[in-house]
Amino acid sequence: MSGRAGSKEDTTELSGNASVITESIEVKADSIQLSGKEFRYVSASGKISGIHKESNLEFSADNLKYDRESKVVTLSGNVSLVDIDNDVKAAAQIIEYNSKTDIAVLQIDVRLEQKKNVCTSAYAVYQKKEQMLELNGNAKVVQDDDTFSAQAITFNMDTEEILMEGNVRGSVTDDGKKDSGEKNSKEKDSAQNPADENSAKENPSPQEKAADEKNGSAETQGENSSGENDE
């Protein structure tokens with residue numbers, strides 16, 4: 001550990017399996033620097049891992065900056081963030097989290113996983129309390145075999161409702177029951193056709209009966225006319 005004390009600010013540097021515990025976060029890293037009045041600012045680099053105790057978030061990154069007054073932590077370089085309360089896993093190149101608002105802003109190569117949902121985009125805003133996710137820039141949400149993509153997507157992670165805007169595309173795959181049902185229905189109709197024909201012959205309709213009686217009457221009249229001529 002090395003440090004410098006002055007009238008305006010103090011600076012302390014820790015290196016080699018360094019760790020810092022504040023009222024809000026715990027941080028472990030290769031190197032940590034504390035600076036500002038009453039060590040307001042915390043900076044870290046190299047194999048960073050830690051937990052945000054107030055929000056119950058675990059994180060890892062290459063670099064960290066934390067302002068103890070504004071309650072904003074900025075993580076950069078291969079960032080991983082886990083919302084333990086909601087079983088949400090997020091990854092990006094930059095994540096800025098404000099514990100006062102419980103909102104995280106994710107930038108570059110954003111990927112967020114929750115239950116069966118996988119969400120990707122170039123930029124995203126994650127609202128922890130409301131469980132709302134706003135995706136922008138080649139936004140995509142994959143739910144099992146279903147895929148939804150657009151320029152911007154708003155995703156309610158509780159209800160799984162999706163609102164898409166701009167260049168909307170999607171593909172939805174059912175479980176195959178509908179196709180199977182149609183096929184079985186066609187096969188059933190085909191199998192019943194011969195029976196239906198026999199049934200139609202054995203039980204003619206009233207119209208068919210009337211036509212048959214008319215034809216029969218015509219034949220009888222024809223025979224009678226022929227007999228009279230013979231006589």
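Student: Why does Gln 143 count as buried?

Tutor: Buried means under 20% relative accessible area, exposed means over 50%, and partly exposed is in between, using a 1.4 Å probe and protein chains only. Gln 143 has 11% relative accessibility, so Gln 143 counts as buried. One thing to keep in mind: this is a predicted model, where local features need pLDDT of at least 70, side-chain atom pairs count only at pLDDT 80 or more, and totals for chains, interfaces and linings use all residues. Residues are numbered from 1 along each chain as its sequence is written, and side-chain values use heavy atoms, with hydrogens and water left out.

Student: Which residues is Gln 143 in contact with, leaving aside neighbours within four places in sequence?

Tutor: Contact means heavy atoms within 4.5 Å. By that rule, Gln 143 is in contact with Lys 116, Asn 117, Phe 148, Phe 155, Glu 160 and Ile 162.

Student: Where is Gln 143 found?

Tutor: Gln 143 is in strand β10, residues 132–143. Strands (E, at least two residues) and helices (H or I, at least four) are DSSP runs, numbered from the N terminus. The protein has two helices and 13 strands.

Student: What makes β6 and β7 a pair?

Tutor: Two strands pair if DSSP finds at least two bridges between them. Ten bridges join β6 (residues 72–83) to β7 (residues 88–98), so they qualify, and they run antiparallel. Val 72 has Asn 98 as its bridge partner in β7. β7 is also joined to β8 (residues 103–114) by nine bridges, again antiparallel, with Ile 95 opposite Leu 106 in β8.

Student: Which residues touch the most other members of the largest nonpolar core?

Tutor: Such a core is a set of buried Ala, Val, Leu, Ile, Met, Phe, Trp, Tyr and Cys residues joined through side-chain atoms within 4.5 Å. The largest one has 40 residues, and Ile 32, Leu 64, Leu 106 and Leu 133 touch the most other members. Not counting residues up to four places away in sequence, Leu 106 touches several residues, including Ala 90, Ile 95 and Tyr 126.

Student: How do you know that Asp 67 forms a salt bridge with Arg 40?

Tutor: A salt bridge is a side-chain nitrogen of Lys or Arg within 4 Å of a carboxyl oxygen of Asp or Glu. Here the closest N and O atoms are 2.8 Å apart, so the pair passes. Asp 67 lies in strand β5 and Arg 40 in the loop between β3 and β4 (41–52), so the pair ties together parts that are 27 residues apart in sequence.

Student: Why is Asp 67 called buried, and why is Arg 40 called partly exposed?

Tutor: Asp 67 has a relative accessible area of 13%, so it is buried. Arg 40 has 25%, so Arg 40 is partly exposed.

Student: How many salt bridges does the structure hold?

Tutor: Eight. In one of them, Asp 83 and Lys 128 bring their closest N and O atoms to 2.7 Å.
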